Amino acid sequence: MSNEVQEIFLKDYKKPSFTIESVNLTFELFEEETNVTNIMKFEKLDESADLVLDAQELELKEVVLDGEVLGSDRYTHDEETLTISNVPQEFTLEIRNRIYPQKNTELEGLYKSGDIFCTQCEPEGFRRITPYLDRPDVMSIFTTTVIADQKKYPILLANGNKVHCHESFNTRHGVTWHDPHPKPSYLFALVAGDLDFITDSFVTASGNDVELNIYVDKGNSDKADHAMKSLINAMKWDEEKYGREYDLDIYNIVAVDSFNMGAMENKGLNIFNSAYVLADADTATDANFMGIESVIAHEYFHNWTGNRITCRNWFQLTLKEGLTVFRDQCFSADMNSSEVQRIQDVKALRERQFVEDASPTAHPIQPKSYISMNNFYTATVYEKGAEVIRMLHTLLGEENYRKATDLYFETFDGQAVRTDDFLWAMKEYGEFDLEHFKLWYDQSGTPSLEVEENYADGKYTLTLTQNVPNKVDGSLQKAMYFPLKIALMDKTGAVAEEKMLIISKESESFMFEGFEEKPVLSINRDFSAPVIIKHQDVDFAFLMQHDTNSFTKYEAAQEFAISILFKLMEDIESDISEYLEAFGALLELDTDLSYKALLLELPSISTLMQKQDVVDFEPLYKAKDKLSYEVAKKYEAKLLKLYFQNHEPLNSALDSKSIAKRALKNRVLSLLSALESKEIAAVAKEQYEHSLTMTDRITALDVLESIDAELSEIAFNDFYNRYKNNTLVMNKYFALLAASPREGVLDRVMALQNDEVYDEKVPNLVRSLIGVFARNYKYFHAKDGYGYKFLSDKIIEIDKINPQMASALSGAFKIYPKMIESNKKLMKATLECIVSTQGISKNTFEIVSKILK
Ligand code: 0A1
Ligand code: ZN
């Protein structure tokens, strides 16, 4: 495969030579195969063009042009395309082809998730269903008829509104759906199955009554209420915040167990990974509930940012994804605690995107080329893309941002556009240097900002020096343009000056006057720009206590702990009393409990790793273990008190106060686990046995696993027997064991693959067991290289089943260039083994070969 791969470049983009006015599809679903009839009305835009349709793994039956059956000499059909020459200016093409959804393990195109037929077409799955101009800038009106066995598949769904139920014929029935909104093929969807559903309705601001349905596996309808509530809140929010209303009579959501990603925004028929729909207190954690709220909203928001206005080509992906993530983040902030939401978004960004941006697979939010588009549904395109939109929001302010988005919607509704078009609308209402700001779309890597302070004669000077890392190919990149929120405080914590600076040069100074003594700086408040702040000699203890911005206050707590951990790495007996004092003050803080739970969290291993030039995990774990132990030892009594003050085992309510109490007491329990004492094990055991929520049970299991092998085994066995029939809960079971800090994880992970619940064809299970193991740095990066060998063997094996899953797993090797030499050598051997594997997919090849470069 390696010498056959084709790289696609943004600079080569050409407009389509044809438009498709309408598509009429008929699907006849059978147990062995599916027959597709596809009638398209074409118009030629380029006189001399041949019609080249995308077609992959399709069994062609018949091609009929304007009523005439074409002989096989009139077209060519190869592995990727169906080409017809000499077509008229306007014509109707009818194609009949056959596909085999039951054999489709890639989960792209039409496939089966258990007994349910479903589709995934973004970005290029439609070409695995029927020949088509499978590109987002070809928008057409779809009518879809689905015909299947009535008993096995009573529910038949497609995009748009239901227009016709066909008379049953023998044992079969059919339904026709019509979507009046022109759309690209990647938004096509079809579902057939025997499903339960819940239904509700929403009246739009203009009075349209929309039917809302959520379809789930039989027996699961009692777990869809939270998803429905989230959907209704999202619909209301989009009307209020963006003036966007829903535009069909029906909105359907279907939950399936086998899905490569989180969910998909198909017009009027969202298909979801069941993990983002199903929840009740017994089986889902508070974090799961939040995740559902945010993904349901994300897919709903796509109806305007993605569907009505879509991407001209796949290089524009962040146009819809960055914007939609920003929208779902703001929604979640409005529904919950905005300060906690912001910190969690930044945490996720730094854990995933910053790591990606510092790796060989770093790319701009608007990539310039790809081998497999599937590889670009990345934290960079999504989360960094959202930060870029957030900066625009900051630069424009709420009111102008709203005017600018209104203009964007008015101007481009019904079109396939570019990020430049969105930026044009922003610029209409914003005063900022657009050309300079655009670098965020073209450059990769996380900029860092070095801070220097000077104070003399009442004047305070802040000098900021930007450093943008080189591109992956080694070339230089330019200084960026961004808003930087700062505040200057006096020694009591009172804010003397709060400002939004515009940073645009490699180095610049800002002067502030009228201070009696040197002010204390609070920088990058709210994380106004996705940059790394490098600032020496900061009084973190002061900021932890007095900073008025919830983000920078949290940041100070993290940075203080990080500096102490690095000190411990140099000398494990270092004096850490100052930090311990500051931590003690946090314990006393009277603040929102879920925010407090975040303040009390010690930095993750991934956070620490990002600060190392050459990564070696052993000393990181050692330092973290030491600090965790000292914190727990010094504050054992206080922590226990805090635990019991907030522990309400019988409260499974989902109001913010109950969630916050659980978050805080579980944070405290995790902190206490560092003591590895019988007492804490007993507390965790009690919590496992008597709490009513999954949130509590999961934390208890995690704590037991880290303290007491025997008690852990008992609890895990109990958990297994209780939930073995619930695959979503079993994901948690596998994930907890794969993340275990206890020796022998790899052996246990290997053995778990033979568990009757485990199935290598189900992405959620693979992510939970194999994916989580690859983030268990201590064991994945074990010095014997067995962790690497295990993962690379799995990648090669899974690549044959599901290339997208395999290339996602390959991401664990991204850290390769930064590892210490001994590990690097081991990693290199396994990576070379992957790329040289005969028949390796282009997905996996692209990621692994980039890592090796
Ligand atoms: N557009 C979806 C994500 C998605 C992308 C690709 C998929 O399969 C290759 C599936 C889903 C979203 O942003 O929610
Ligand atoms: Zn999306």
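**Close-up views of a predicted protein chain**

View 1. Residues are numbered from 1 along each chain as its sequence is written, while chains are lettered from A and ligands numbered from 1 in the order in which they are written. Phenylalanine 527 sits in the loop between strand E30 (520-523) and strand E31 (532-535). (Helices, H or I of at least four residues, and strands, E of at least two, are DSSP runs numbered from the N terminus.) Its phi is positive, about 55°, although phenylalanine 527 is not a glycine. Most residues other than glycine have a negative phi.

**View 2. Leucine 107 also has a positive phi.** The value is near 65°, in a residue other than glycine. Leucine 107 belongs to the loop between strand E9 (90-99) and strand E10 (109-113). Is leucine 107 buried or exposed? Leucine 107 is buried, for 24 other C-beta atoms lie within 10 Å.

**View 3. A cis peptide bond joins glutamate 122 and proline 123.** Omega is about -10° here. Most peptide bonds are trans. Proline 123 is in the loop between strand E11 (116-120) and strand E12 (140-149).

**View 4. Ligand 1 is surrounded by 13 residues.** (A residue is near a molecule or strand if its C-beta atom, placed from the backbone, lies within 6 Å of it.) The closest are Glu122, Asn260, Met261, Met264 and Tyr377. Two elements give two or more residues to this shell: strand E20 (263-264) and helix H2 (286-301). How many residues of the shell are nonpolar, polar and charged? Four are nonpolar, five are polar and four are charged. (Ala, Val, Leu, Ile, Met, Phe, Trp, Tyr, Cys and Pro count as nonpolar; Asp, Glu, Lys and Arg as charged; the others, Gly among them, as polar.)

View 5. The loop runs between strand E18 (209-217) and helix H1 (225-242). Aspartate 196 is 23 residues away from glycine 219 along the chain, and their C-alpha atoms are separated by 7.0 Å.

**View 6. Two stretches carry UniProt annotations from an unreviewed entry.** The record gives "domain: Peptidase M1 membrane alanine aminopeptidase" for residues 227-437. That stretch is 57% helix and 9% strand, with end C-alpha atoms 37 Å apart. The record gives "domain: Peptidase M1 alanyl aminopeptidase Ig-like fold" for residues 445-535. That stretch is 0% helix and 55% strand, with end C-alpha atoms 19 Å apart. (UniProt positions are given in the numbering used here, feature names are shortened, and annotations may be inferred rather than shown by experiment.)

**View 7. The protein chain holds 27 helices and 31 strands.** Along its principal axes, the C-alpha trace spans about 85 × 60 × 60 Å. Buried residues make up 49% of the 853 residues.

Note on methods. This is a predicted model: local features need pLDDT of at least 70, side-chain atom pairs count only at pLDDT 80 or more; totals for chains, interfaces and linings use all residues. A residue is buried if 20 or more other C-beta atoms lie within 10 Å of its own, exposed if 12 or fewer, and partly exposed in between; C-beta atoms are placed from the backbone.
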